[in-house]
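Please read it alongside the sequence and the coordinates.

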Amino acid sequence: MRVSKMLTRTLKETPAEAETISHKLLLRAGMISQLVAGVYTYLPLAWRVLRKIEDIVRAEMDAAGGQELSMPVLQPLDLWQKSGRDVAFGKGLFNLTDRRERKLVLGPTHEEVITQLVSQNVRSYRDLPLMPYQMQTKFRDEPRARGGLLRGREFLMKDLYSFDADEAGLARSYDAMLQAYHHIYSRCGLPALAVEADSGAIGGKASHEFMVIAESGEDEIIRCNGCGYAANVEKAEAVKGEVSGGAPLLLEEVATPGAATIEEVSAFLKVPPQRTLKAVFYMADGQLVFAVIRGDLDVNEVKLKNNLRCTDLRMASEAEVNAAGIVAGAASPVKLSGVRVVADDSITSGTNFIAGGNRPETHLRNVNYPRDFSADIIADIARARAGQGCARCGGSLSAMRGIEVGHVFKLGTFLSEKLGAFFVDEKGESRPIIMGCYGIGLGRMLAAAIEQNHDDKGIIWPLPIAPYQVYLCPLYREGSAVAEVAEKIYNELTSAGVEVLFDDRVESPGVKFNDADLLGIPLRVTISPRTLDKNSAEMKWRRDKESSLAPLEGIAGRGKGLINERMAGAQV
RNA sequence: CGGGGUGUAGCGCAGCUGGUCAGCGCGCAGCGUUUGGGACGCUGAGGCCGGAGGUUCAAAUCCUCUCACCCCGACCA
């Protein structure tokens with residue numbers, strides 16, 4: 001490809017709408033163009049990257065037993081009502097109505113369609129397992145699209161669905177996918193970490209997310225430095241530590257003027273935060289819930305929501321708390337009635353806590369569970385954080401941010417039961433097919449690759465997914481043979497099967513080098529009067545500092561060799 | 001949906017206490033000089049100032065409504 005013929009140009013200045021690095025660089029490199037919020041055109045360079053990612057994903061899906069198909073974007077709303085997930089997706093579903101007033105949605109995912117399809121085709125356990133997949137554009141009316149390709153309302157996704165006759169089969173399918181996913185990320189030069197993930201309200205036994213570690217990531221990951229345990233903070237467990245308080249003492253009231261927060265109370269009473277109880281109020285499906293947790297810990301709302309089995313959870317307003325006759329800032333579960341109490345299990349191990357007195361500016365000393373109060377639910381509802389102990393091995397936990405580039409999920413039989421996907425087993429009995437689903441955000445992978453591979457000059461593409469492998473960069477000078485030689489090398493490299501972006505523009509060296517750096521093509525081949533004097537061309541890897549000279553004779557073979565070497569090697 | 005912000009040339013922005021306020025830089029076109037890290041000179045093209053109302057002798061500028069986009073939060077298989 002000749003740069004002079006490309007549809008897009010590079011930008012010197014970053015468009016104001018971009019905040020994250022990948023978004024800025026994608027715009028500056030002329031790889032994407034926004035149409036409306038969260039919806040982008042993939043311009044030729046980005047499309048080439050996406051196709052490379054797709055090729056790798058396709059190869060691994062096929063190798064793992066997948067079979068590719070393509071399902072419709074346009075789906076009847078009825079199907080979603082049948083599964084009940086029209087409610088779960090809510091406003092995230094793009095709705096439309098056809099000329100016959102039939103309600104349709106733009107598919108946000110394809111479990112319903114595939115399950116229906118499978119139900120029409122599978123009769124017997126002999127027909128299983130199945131692993132159909134597709135690469136398809138998904139539509140989700142996100143409350144807030146952001147970060148360019150990182151979170152769009154229209155995005156490319158690979159989705160595979162597994163259908164098995166029994167749990168063991170599901171486990172095999174699931175493991176095959178975990179393996180395939182590891183292969184995919186590693187082949188793309190984009191190391192991703194598999195972390196345990198929350199399985200959500202719909203349930204299921206296991207779920208893993210694949211995370212690319214990046215500052216701009218929307219998710220927080222908790223990871224053990226000892227055993228390698230890693231989990232999304234939504235799900236992560238940690239050792240909370242024992243807090244002794246001695247033998248239970250008599251409950252006693254103390255005045256705490258002006259002290260309402262944990263910090264204030266613990267400073268005022270000269271007691272460490274872990275010896276206090278924190279009260280947090282939520283509205284769960286419209287009902288007030290009182291969450292109690294040790295003062296040094298924070299409530300994990302996902303865990304709380306799962307324990308409450310509610311669909312809507314949010315912090316309660318002060319008015320809602322007051323309406324229940326509770327004193328915010330001095331609330332406690334002691335002598336409380338009429339409100340559902342959920343306590344973190346951390347409160348069961350210590351004694352003689354400080355808790356609110358349920359009267360303004362008053363607290364209680366020596367509060368003990370279960371002597372002084374009860375809870376409707378006792379469970380782990382604490383948010384894990386760096387520095388705590390690993391629940392598995394006792395090692396030390398650290399926290400990092402990640403971009404979710406893949407999510408695999410054991411679905412179970414929820415959908416197959418709702419949509420009538422049954423099979424007949426060996427004993428002749430009808431049973432629901434056991435499902436799993438496995439997604440990879442293709443566009444998000446592209447963006448994540450940039451988040452992880454860039455410098456202040458621009459993108460540094462991992463070789464396997466780079467739009468082109470070589471940036472051929474002749475530096476023009478009147479009366480020299482540079483142009484002619486460049487054309488020759490372009491033909492030679494291209495004939496050798498090397499993907500070349502040929503900067504045939506009559507531009508100054510600075511312009512060309514800066515564009516080469518911005519576009520991030522892995523290998524830059526420069527030809528100038530200077531190199532021609534030595535009958536050679538300059539070879540420079542985008543990722544490296546140094547450059548070297550290679551003789552013009554046999555340059556195509558040399559270039560191809562270097563690329564193959566790097567493709568095969570660890571460093572891409 | 002709550003909070004905040006921004007809409008002026010392809011991009012980045014200034015002008016916004018009403019009256020040469022239709023401007024600057026980059027980019028673009030032509031000509032010439034340049035060519036190893038975003039060169040220089042000259043000439044030129046390009047804007048219903050997001051939209052609709054209103055106030056006024058006069059509106060990019062003030063008021064109202066509206067639309068779009070961005071950020072924080074909420075939300076998120």
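The model is predicted, and every value below is computed from it. One pairing in the sheet described here links Pro76 with Leu104, its bridge partner in strand 6. That contact belongs to the antiparallel pairing of strand 4 with strand 6 (residues 103–106), which extends over three bridges. Taken as a whole, the sheet is open and antiparallel, and its three strands are arranged in the order 4-6-5. Strand 4 (74–76) and strand 5 (94–97) are the edge strands, and because each has a single partner strand, one side of each is left without a neighbour in the sheet. From one strand to the next, the twist averages 40 degrees.

A further antiparallel pair is made by strand 1 (residues 32–36) and strand 2 (residues 39–42), which are joined by four bridges. Within this pair, Ile32 has Tyr42 in strand 2 as its bridge partner. The two strands form a hairpin with two residues between them, and Gly38, which lies in the turn, has a positive phi of about 75 degrees.

Chain A is divided into three domains, whose bounds are listed in the table.

| Domain of chain A | Residues |
|---|---|
| Domain 1 | 44–220 + 399–450 |
| Domain 2 | 252–379 |
| Domain 3 | 468–568 |

The centres of domain 1 and domain 3, taken over C-alpha atoms, are separated by 41 Å.

Which residues does Leu250 contact, leaving aside its neighbours within four places in sequence? They are Arg365, Asn366 and Arg371. Leu250 itself is found in the loop between strand 13 (238–239) and strand 14 (252–255). Although Leu250 and Asn366 are 116 residues apart in sequence, their C-alpha atoms are 6.3 Å apart in space. Even with these contacts, Leu250 counts as exposed, because its relative accessibility is 71% and the threshold for that class is over 50%.

The cysteines remain to be considered. With a disulfide taken as a pair of cysteine sulfur atoms within 2.5 Å, the count comes to zero disulfides. Cys390 is in no disulfide, since its nearest cysteine sulfur, that of Cys224, is 3.7 Å away, whereas the rule requires a pair within 2.5 Å. Cys390 is buried, with a relative accessible area of 2%, and Cys473 is likewise buried, with a relative accessible area of 0%.

Notes. Residues numbered from 1 in each chain as written. Chains lettered and ligands numbered in written order. Predicted model: local features only at pLDDT ≥ 70, side-chain atom pairs only at ≥ 80, totals over all residues. Heavy atoms only, no water. Pairing = 2+ DSSP bridges. Axes fitted to C-alpha atoms, helices over the stretch in contact; angles between N-to-C directions. Buried < 20%, exposed > 50% of the residue type's maximum accessible area, 1.4 Å probe, protein only. Contact = heavy atoms within 4.5 Å. Domains from an automatic or database assignment.
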